[in-house]
Amino acid sequence: PYIIAFCATIIRYYDYALFGLSASMISKNFMPGAEDGDQMLVFFAIFSIAMVARPLGSIVFGKIGDKVSRIASVKISMVLAAVSTSLIAIIPSFESVGWFAVILLTLCRMLFLVSLAGEIDAIKIYVAEKIGKRRRHLAIGIVSFSSQIGVLLASVMYHVAISFEEIQWIWKMNFFLGGLLGLFIIMMRGLLQESEVFLKSKSRATEEADIGIISIIGNNKMKFTLAVLINGMLGGGYHFLIIFLGTFAANVADVISPEQATAGNIGIISVYGISCVLSGYASDKIHITKQTAIALTCSISCVVIMEFMLKLGVFADYLHYALAFIAPFYAVPCAIKMQSLFATGVRMRMFSLSHSLGSLIFSSTTPFICMLIWRWSQSFSLV
């Protein structure tokens, strides 16, 4: 069951990251505007707007995950994700159907994000509950590592697509591949087995698990607010470092070449993924508060130095790598801590919804806000 969970994570993050990494290609096909900067601005606006669907997925699949089983949530969302990813490959371009193409693209992305809440969040909780407290940080580190394999695969496929950019339809094959891989995981779903922690909780059938989502939030308002803030900020940092920064530097700020950005993405994703496993292992051995504090201090120091280098007109890619390596050392323990805030009977709803709302407020809006800052200031340093 762990292997299936890890494989499902790989495929789903391939689908998730491919959309953001393919921003320049998708924007040329689906976005109005004569200049790349205008097209990218519209793209990241859609990227942000589509995220409003994710909390809906958290509410629906969260209830399924808490009341029926974590596995049921994963199985249903697998199908939605595979369908929505495949549909992106067959949507006609803006030149063919105008704004209808933009609407279709947005709807497909929204459907995918609904399914994402039911699959990725459920898998994280499922793995942590099934493996137990002793090695749960390492387990989540491996889940995060699996997610980066998916992002890495998406980055490699994007690199192939831009290498053959003269073949206008080749980028669509990447989304077809995501749909096919999703079909493979759907066929393997029967191997997943529910955790003992959840089964025991379900047998007790606590009263809190049966009440509505508003009442559950009210009973956990301080914990829920904290989870929204931390999950959102961790996601915003990840989106900026891994998904946005290289694409922005190459296609908008024009401080590095697209080839450098693509190669850099592959390296940064690899560094981040390896660091996730190291962080998980360390978190099971070291006090997580100390680890988080040290990692954040190092990260802020890198940002300050990087900002100084940008003032001198130098994009220090080695500092970009350093930030990608440091980030999991605070992200992995924080993710586990956010899960453990909530009782088992409401954990799926509270963790997934806080993750979705945090993504909506911070994570998904980070690229769009950065594009607005750039348009207003033309300052890479300020971005």
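Predicted model: local features only at pLDDT ≥ 70, side-chain atom pairs only at ≥ 80, totals over all residues.
Trainee: Is the pair of Phe248 and Phe380 stacked or edge-to-face?
Mentor: The two ring centres are 5.3 Å apart, and the planes stand at 70° to each other. Planes over 60 degrees apart fall in one class, those under 30 in another. The pair of Phe248 and Phe380 is therefore edge-to-face.

Trainee: How many residues apart are Phe248 and Phe380?
Mentor: Phe248 sits in helix α12, residues 221-251. Phe380 is in the segment after α18, a helix that covers 365-377. The pair links distant parts of the chain, and the separation is 132 residues.

Trainee: Are Phe248 and Phe380 buried or exposed?
Mentor: Buried means under 20% relative accessible area. Phe248 falls in that class, and for Phe380 the answer is also buried.

Trainee: What kind of pair do Phe325 and Phe329 form?
Mentor: The ring centres of Phe325 and Phe329 are 5.5 Å apart, with the planes at 50°.

Trainee: Which residues form one aromatic cluster with Phe248 and Phe380?
Mentor: Phe248 and Phe380 are an edge-to-face pair, and both belong to one aromatic cluster.

Trainee: How many disulfides does the structure hold?
Mentor: A disulfide needs two cysteine sulfur atoms within 2.5 Å. For Cys298 the closest cysteine sulfur is in Cys302, at 7.2 Å, which is too far for a bond. The number of disulfides is 0.

Trainee: Is Cys302 buried or exposed?
Mentor: Cys298 has a relative accessible area of 37% and is partly exposed. Cys302 has 11%. Because that is under 20%, Cys302 counts as buried.

Trainee: What is the volume of the largest cavity?
Mentor: A search of the whole structure for cavities of 30 Å³ or more finds 3. The space in the largest of them is about 510 Å³.

Trainee: Which element gives the most residues to the lining of the largest cavity?
Mentor: This cavity is lined by 29 residues, and those closest to its centre are Tyr13, Lys124, Gly235, Tyr272 and His355. Elements that give two or more residues include α1 (2-21), α7 (99-131) and α13 (258-285). With 6 residues, the one that gives the most is α12.

Trainee: How many residues in the lining of the largest cavity are charged?
Mentor: The lining divides by class into 16 nonpolar residues and 11 polar ones. The count of charged residues is 2.

Trainee: Which elements give two or more residues to the lining of the second largest cavity?
Mentor: The second largest cavity holds about 50 Å³ of space. Its lining includes Tyr158, Gly246, Thr247, Pro258 and Thr262. By class, this lining has 4 nonpolar, 5 polar and no charged residues. The elements that give two or more residues to it are α12 and α13.

Methods. Residues numbered from 1 in each chain as written. Heavy atoms only, no water. Phe/Tyr/Trp six-rings, centres within 6.5 Å; stacked < 30°, edge-to-face > 60°. Helix = DSSP H or I, 4+ residues; strand = E, 2+ residues; numbered from the N terminus. Buried < 20%, exposed > 50% of the residue type's maximum accessible area, 1.4 Å probe, protein only. 1 Å grid on protein atoms, 1.4 Å probe; cavity = no way out; pocket = protein on both sides within 12 Å on 5 of 7 lines; lining within 4 Å. Points joined across faces, edges and corners; volume = space filled by probe spheres on them. Nonpolar A, V, L, I, M, F, W, Y, C, P; charged D, E, K, R; others polar.
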